[in-house]
Amino acid sequence: MLQVKLIVTGDDFGYCPRRNQGIVDCFLAGAVSNVSLLVNGSAAADAAKLARRHNIPIGLHANLSEGSPVCEVLKTNSSLLNQDGFFHGKMGFRTALSKGLLNMSEVKQELKAQVELFRELTGHLPPHMDGHQHIHVLPEVRHVFAEVLQEYGIKYTRVPIEPGLHNCDWIPPALMDFYLGVEEDSFNTVDVFTHHGISNIGVPSSGCRWPDIYIGLSTMGKNMSVANIWSAIDSAIAEFMSRVPSPAAPQSSTVTIELMVHPGYPSVPPVGGCGEGPDDFSQSWERLHELQTLMKPELQSHYKTRSIQLCSFKDL
């Protein structure tokens, strides 16, 4: 019988007090099992305290695109900053990268500074590290990101390739274009990560690994529903099993899934953000919609019926 381990990761922990409270409420309700901390978030210190108080498994949500750097020497005159002194933004970062305007040594400096600040806030290194707005799978950045994972001995990461994404006809074309770009970047990241000894969790390794399955693009914000989560999990497992050669099945009786989520109570300006105040995404009703969906009893009962075990990266 196939054992399914599901890591439900609440991203953007530390963004603002209301996001923190929403994620904690989800964790206490058994709807979220793992969190990713924005160390440059305005409520990062509070988030770290909440994680300690409630014993919430916590990793690092590395951020190079929103707000301010944490590395002191990069806060002025850095290629990572726009003319206003903040990171370039989700699309601005990608544009600057494509034009060759970003200094990869500064990228590495900032990533290492964020790992060190995470350790200072939590008292330990992150068991897992991923990228805010998927910056960690971008060209050039992926090499530096892999080096930082290796140097700190970080055990788990994320590769956002979602099975069945192409069949999600409810996703608006412009958003689908962005998601397909993330998917292409992620496919190209696999070889880079493999070169650095980072592998899929199904490959025996003592190095950094990523889960068998990633879900979270098709179920984000207003597109999240109990039915969509069920469907995404079920179709992803079916696709995964179809790729496992039958002689290997006994050794592959466990499948690990990460479901990326963004629950919370909407931010109220001017409180929140990573240095520039909260963005539209954090202020929208979609954060609360995710929280309410994840906490629905029928979703919890589906996990139980399907013998899906919620866990964190440190439980693997």
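The model is predicted, so local features need pLDDT of at least 70 and side-chain atom pairs count only at pLDDT 80 or more, while totals for chains, interfaces and linings use all residues. Residues are numbered from 1 along each chain as its sequence is written, and side-chain values use heavy atoms, with hydrogens and water left out.

**Helix 5**

Helix 5 covers residues 141-152, and its 12 residues reach 17 Å from first C-alpha to last, close to the 16 Å expected at 1.5 Å a residue; the expected span is 1.5 Å times one less than the number of residues. Helices here are DSSP runs of H or I with at least four residues, and strands are runs of E with at least two, numbered from the N terminus. Val 141, Arg 142, Val 144, Phe 145, Ala 146, Val 148, Leu 149 and Tyr 152 are the buried residues of helix 5, where buried means under 20% relative accessible area with a 1.4 Å probe, protein chains only. These buried residues pack against strand 3 (58-62), helix 3 (90-98), helix 4 (104-122), strand 4 (129-131) and helix 6 (173-195). After helix 5 comes Gly 153, with a positive phi near 65 degrees.

**Two helix pairs**

Axes are lines fitted to C-alpha atoms, for helices over the stretch in contact, with angles from 0 to 180 degrees between N-to-C directions.

| Pair | Angle | Axes |
|---|---|---|
| Helix 5 and helix 6 | about 45 degrees | 10 Å apart |
| Helix 4 and helix 5 | roughly 35 degrees | within 10 Å |

The crossing of helix 5 and helix 6 is right-handed, meaning that the near helix is turned clockwise from the far one by less than a right angle. Arg 142, His 143, Phe 145 and Ala 146 of helix 5 make this contact (heavy atoms within 4.5 Å) with Asp 185, Asn 188, Thr 189, Val 192 and Phe 193 of helix 6.

The crossing of helix 4 and helix 5 is also right-handed. Residues of helix 4, including Met 104, Val 107 and Leu 111, meet residues of helix 5, among them Val 141, Val 144 and Tyr 152.

**Thr 189**

Thr 189, found in helix 6, is buried, with a relative accessible area of 0%. Leaving aside neighbours within four places in sequence, Thr 189 is in contact with Val 137 and Arg 142.

Key
Buried < 20%, exposed > 50% of the residue type's maximum accessible area, 1.4 Å probe, protein only.
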